[in-house]
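Biologist: Hi! Could you walk me through this one?
Modeller: Happy to, here it comes.

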Amino acid sequence: AVVSTQSGHYGRGNILAPLAFSAAHAIFYTVLVYGILKPKENIITSFRYLKAKKSTKAIFGPNPSFISFLIVQFGIVLVMTGVTVLTYTYFYLHLLQILVLVVVVTWNAANFYVDVFRVSLSKTKKS
């Protein structure tokens, strides 16, 4: 079951807009953080955080470049835009996505409350 939009197809603007926004954000972030603010070495930026992780070093080597960070970030946006196009084009896939998200959110909320009540009950037993 294909859901048609007003123009009969998924518009190019719906695909290009997130990509353009992501590219503009990356340029703005890079200019602001590394060109204007220039944070000291003890300040953690997103790139420094990812660069320090063992999993990042395993994939990109001991000293990954900032350009590779931006390329991977843009690749993730491309993949997520593709997922969005698919889920909004096919009704049953969209329905499945919503159901999975509801189950995940419910599971996370239930785990949160179990942890909170376990901690609060252990505090009341101690006092």
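Biologist: Which helix gives the largest share of the nonpolar patch?
Modeller: That is α4, with five residues. Helices here are DSSP runs of H or I with at least four residues, numbered from the N terminus. This is a predicted model, where local features need pLDDT of at least 70 and side-chain atom pairs 80 or more, while totals for chains, interfaces and linings use all residues. Residues are numbered from 1 along each chain as its sequence is written, and side-chain values use heavy atoms, without hydrogens and water.

Biologist: And which residues form the patch?
Modeller: I59, F60, V72, I76, V79, M80 and V83, with about 630 Å² of accessible area together (Shrake-Rupley, 1.4 Å probe).

Biologist: Switching to packing, at what angle do α1 and α4 pack?
Modeller: About 155 degrees, with the axes of α1 (residues 12-37) and α4 10 Å apart. Axes are lines fitted to C-alpha atoms over the stretch in contact, and angles run from 0 to 180 degrees between N-to-C directions. So α1 is roughly antiparallel to α4 (over 145 degrees).

Biologist: What meets what there?
Modeller: Residues including I15, L19 and Y34 in α1 meet a set in α4 that includes F66, F74 and V85 (contact is heavy atoms within 4.5 Å).

Biologist: How do α4 and α5 cross?
Modeller: At roughly 110 degrees, and the axes of α4 and α5 (residues 91-126) come within 5 Å. That makes them roughly perpendicular (65 to 115 degrees).

Technical notes: Patches are made of residues with over 30% relative accessible area and no salt bridge: like charges are joined within 9 Å, nonpolar side chains (Val, Leu, Ile, Met, Phe, Trp, Tyr) within 5 Å. A salt bridge is a side-chain nitrogen of Lys or Arg within 4 Å of a carboxyl oxygen of Asp or Glu. Helices (H or I, at least four residues) and strands (E, at least two) are DSSP runs, numbered from the N terminus. Angles under 35 degrees count as roughly parallel, over 145 as roughly antiparallel, 65 to 115 as roughly perpendicular and the rest as oblique.
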